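Reader: Please show me the structure, and then take me through how its features are read.

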Amino acid sequence: MPATPPLPVDLSGIRLDPGQGLSRQLYQALRERILDGRLGSRTRLPATRDLAALLGISRNTVTRAFDQLYAEGYVEGRVGDGTYVAELSTARPVPQPPAGPEPGPALQRLQNHHLPPPVTGAPRAFRIGVPAFDLFPFETWARLQARFWRKPSPARLGYGDPAGDWALRELVAAYLRSSRGLSCDPAQVVITCGAQQAISLCAQLLVQPGDRVAIENPGYRAAGHAFAVAGAELCGVPVDNDGLDSTALAQVEDCRLVYVTPSHQYPTGVTLSLARRLELLEWAERRDGWIVEDDYDGEYRYSGTPLAPLASLDRQGRVIYVGTFCKITFPALRLGYMVLPPALAESFAQRRALDMRHSEIGTQAVMAEFIAAGHFQRHVRRMRLAARARRDALLRDWPEAIPGCAPMPSVDAGLHLCVRVDSLARERQLVDAARAVGVEMNGLSEYWLETSSEPVDNRAGLVLGFAAVPEAQIAEAIRMLRRAWCL
Ligand SMILES: Cc1ncc(COP(=O)(O)O)c(C=O)c1O
């Protein structure tokens, strides 16, 4: 068992971005906690060595942050007796922003449903949700960009179609037909700023405050937040080896919208079975409801034929299909798409027009060219092979018997996997010790709704992204884990 000594104070929530100045960030995080009272006067700060180990940074970095706090009077040192928060009267007053009017319900909902800050900096093992950036053909992309901007057609420089560039919509429709067996008209395709905007548009247009929305539990919290901010009451539906439990869904009364990740459930990694797909479509018909199908990493299938998307089985115009380019290129591209039942396409485009008019033309035009010239399909193949090789490296080197940890599952799809752990306390130990040596991973417990009735120990697990870094870095990260976890 790792022997991480308990810290005398709660410093949870300090996240440092390795791409920025670490000691400055630590100084700011501690100063903020001193000013808002989370670290009260006379509190003893952890020893620099312990804090450095906890945060996975060097002791010098911690010392520099402490020195700055000392110089500004926020902490005091006692020789041989550690560092203490100074009496509050000697610290600077907290500048209070003016309160302004009482926030209305929409603002309050937003304040209650914040996304955690994104993990930034260069990819590290086992970052979740990012593909292999190192393989993107930037030279080709740069050439296509330069060609577009050297002499853009004036016809494309005015206000464009809020549903997106027509050439790109045609190519997306053709791609979905050939790669997913999803037949649709380009007029049903709306280009978005990634899958998240597509989900958020569904929340804005299909949900009234007070409506019940069913989401997978555990599931993709950012989707839940988008529905909750629109005023939905979130109803978590359990997930088993066949995906979302359709019997449990049928028991959620007065609910007409469900959000699912059928190809590769986020985060457990299971695939929604064909029987469940058909049950879900029947549910939507009975309830006169909607299914939001998030196919965020559908390109990554390593064995077996992928099951038909719900949208391709839908005969009643009840499924909204959501896809993204961000998991096959890189998230910062912010480009995705949705395929809507014909009756909805115009309204979704209108909603986008009110938000932002339309997406920037350069990225759309270059993506269209990237697909038309065959680069996209080649890149998808390369990415699938790379992700499979990285998955294999993780499965091969992963320690066989980790106390409290289930064996690795078989992984047929996606960019991450999920290993069950037998208690929440053990999950925390494993995740904290990994983060302390600079290895990223998430606890499965972070993906559950706060209102879950599931016993906390059943919610525990490790979620590991395997595609972000090459095999050698995966092997090195596992060596670090073996040491950190005392295996
Ligand atoms: C299940 C799921 N859906 C959607 C997204 C968001 O994708 P995008 O970057 O295209 O907005 C993510 C990102 O991690 C995801 O995990």
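Reader: How many bridges join strand 12 to strand 13?

Author: The model is predicted: local features need pLDDT of at least 70, side-chain atom pairs count only at pLDDT 80 or more, and totals for chains, interfaces and linings use all residues. Residues are numbered from 1 along each chain as its sequence is written, and side-chain values use heavy atoms, with hydrogens and water left out. Helices (H or I, at least four residues) and strands (E, at least two) are DSSP runs, numbered from the N terminus. Two strands pair if DSSP finds at least two bridges between them. Here, two bridges join strand 12 to strand 13 (residues 461-465), and the two run antiparallel. Asn442 has Val463 of strand 13 as its bridge partner.

Reader: In what order do the strands of this sheet lie?

Author: The order is 11-13-12, in an open sheet of three strands with antiparallel pairing. Strand 11 (416-420) and strand 12 (442-443) are the edge strands, each pairing on one side only.

Reader: How do I read the two faces of a strand, and are those of strand 3 covered or uncovered?

Author: In a regular strand the side chains alternate between the two faces of the sheet. Buried means under 20% relative accessible area, exposed over 50%, and partly exposed in between (1.4 Å probe, protein chains only). Strand 3 (residues 189-192) is covered on both faces: Val189 and Ile191 are buried on one side, Val190 and Thr192 on the other. Strand 3 is joined to strand 10 (residues 336-339) by four bridges, and they run antiparallel.

Reader: Which side chain meets Glu440 in a salt bridge?

Author: A salt bridge is a side-chain nitrogen of Lys or Arg within 4 Å of a carboxyl oxygen of Asp or Glu. The structure holds 20 of them. Glu440 meets the side chain of Arg124 (3.1 Å, N to O). This pair links distant parts of the chain, 316 residues apart: Glu440 is in the loop between helix 15 (424-436) and strand 12, and Arg124 in the loop between helix 4 (105-112) and helix 5 (138-150). Glu440 counts as buried because its relative accessibility is 10%, while Arg124, at 30%, is partly exposed.

Reader: What do Arg318 and Asp288 tie together?

Author: Their side chains meet in a salt bridge (3.1 Å, N to O). Arg318 lies in the loop between helix 11 and strand 9 (319-324), and Asp288 in the loop between helix 10 (274-287) and strand 8, so the pair ties together parts 30 residues apart in sequence. Arg318 is buried, with a relative accessible area of 13%, whereas Asp288 is partly exposed at 45%.

Reader: Which residues make the nonpolar surface patch of about 240 Å²?

Author: Patches are made of residues with over 30% relative accessible area and no salt bridge; like charges are joined within 9 Å, nonpolar side chains (Val, Leu, Ile, Met, Phe, Trp, Tyr) within 5 Å. Accessible areas come from the Shrake-Rupley method with a 1.4 Å probe, and for residues only the protein chains shown count as cover. Leu274, Leu278 and Leu307 make this patch. Leu307 is in the loop between strand 8 (290-294) and helix 11 (310-313), and its relative accessibility of 36% is why Leu307 counts as partly exposed.
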